[in-house]
Amino acid sequence: MKPGARNLITDVAGLYVGNAGDEVIKTGATVMVGDAPFTAGVHIMGSAPGTRETALLAPDKLVQEVNALVLSGGSAFGLDAASGVADGLRAQRRGFLVGDQRVPIVPGAILFDLLNGGDKAWAENPYKALGRAALEAAGSEFALGTVGAGTGATVDGLKGGLGSASLVLECGITVGALVAVNALGAVTMGDGPAFWAAPWEMNDEFGGCGIGTHDPTFEPRPEARLGENTTIAIIATDAVLTQAQATRLATAAHDGMARAIHPSHTPFDGDLVFAAATGARALPDAGFDALRLGHAAATCLARAIARGVYAAIPSPEDTMPTWAEKFS
C-alpha cells in the first residue's frame, strides 16, 4: 500500500470535501459530497453519539445510497449543519426522487465543542449556514487541522483538528479517511511528542517523531471534562460494496481509532465511523480484498487522526495548546 497523490480522502475519485468554520464561536462543519449518490454504512462504538439519519443506513432499509455525509461541531445544535447541506443539494435538484420532489439524503454526526473558549452566545443556530457554506466550498483539495468540524476540537492536553489520509492498495483500490478528532483520550504517548499512531506513519506525515515509550501501568486522568468529547470519521473507497459490506468496513475502521487514541471508545465519547463506497472498481477477490480493505481503513484512520492534531494551529482564547506549540 502507498498513500494516494493528495494523501486525502478525495484521492477516491468523485468525492469532494468542503469546510466552513467560525473562529469567534470556535466551531465548524465539514461535508463530503459525491459526483453521484454513493453507498454508505455506519458503525457507532461510543456511548454518547449525536447523529442524524443513521438508522436508514442499516442494510435492510429502503434507501441504499446517500448524497452527502456531514461532520459538525456544536453538539446537538450542530445536527442542523446537515439541514444546510440538504438545502444546497435540493437547490441543485439532487436527492432521492419521490414523485416530482428531490429529497437529499444527508446523514450526519456531531462532536461536543461548546466549552472550548469560543463565544457561544448566538441568537440563532449558526450550523445550518455553516453546513451550506461547507457544501459550497467542496473540492478535491482542502486544509487540515483547525478547520471545518475540527475548528474547535480538543484531545487530552492538546488542540484536536480535522485529519485525512489515503492509501492505494496493490489491486488498485483506493481507501481514504476523514476525521474530526475531539477525543477524551490522548493521541501522544506520555509527555512526549510521539503519536500513538506512529507505527503506521508514512513519509513523516505527522512529524516523523518515531515510536515513543509508555507506562503500561498508567491510568488515564484526562484533562477534559467528561462529556465534552467524540471523534467522528468517514472511511471512503472506490470499491463496489453493498451497504452491509460498507457497514463492515466502518466497523473495521474503528481499530484505527483505537490505535491512535488512548483510551478510545469511552463511555463519554460518541465515537462513530461512516463508510462510503462509490462503486467505481470491482474487488478482484471479493473475500481477500475485503479483508485488505478493512486493514487499509484502520491504517488510514489512525494516520488521519494524528495528521489532524499535528496540523492544528493556535487561535485566540484556546483552552489547549497545539501540538506544535507544545513540542516544536
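Mentor: Before we look at any residue of this predicted model, keep in mind that buried means under 20% relative accessible area, exposed means over 50%, and partly exposed lies in between.

Trainee: Why is S83 called buried?

Mentor: S83 has a relative accessible area of 19%, and since buried means under 20%, S83 counts as buried. This residue is found in helix α1, residues 81-91, and, when residues up to four places away in sequence are not counted, S83 touches R52 and K128.

Trainee: Why is A197 called buried?

Mentor: Here the relative accessible area is 1%, which is again set against the limit of under 20%, so A197 is buried. A197 lies in the loop between β11 (174-181) and β12 (232-239).

Trainee: Which residues are in contact with A197, leaving aside its neighbours within four places in sequence?

Mentor: They are F206, R259, A260, A302 and A306. As for A302, the C-alpha atoms of A197 and A302 are 5.5 Å apart in space, although the two residues are 105 residues apart in sequence.

Trainee: Why is β11 described as largely enclosed by the rest of the structure?

Mentor: Eight of the eight residues of β11 are buried, so the strand is largely enclosed. In a regular strand the side chains alternate between the two faces of the sheet. In β11, T174, G176, L178 and A180 are buried on one side, while V175, A177, V179 and V181 are buried on the other.

Trainee: How do you know that β11 pairs with β10 and with β12?

Mentor: Two strands pair if there are at least two bridges between them. Strand β10, residues 161-168, and β11 have eight bridges in the antiparallel sense, with S164 opposite L178, while six bridges join β11 to β12, also antiparallel, and G176 has A236 as its bridge partner in β12.

Conventions. Residues are numbered from 1 along each chain as its sequence is written. This is a predicted model: local features need pLDDT of at least 70, side-chain atom pairs count only at pLDDT 80 or more; totals for chains, interfaces and linings use all residues. Side-chain values use heavy atoms; hydrogens and water are left out. Helices (H or I, at least four residues) and strands (E, at least two) are DSSP runs, numbered from the N terminus. Buried means under 20% relative accessible area, exposed over 50%, partly exposed in between (1.4 Å probe, protein chains only). Contact means heavy atoms within 4.5 Å.
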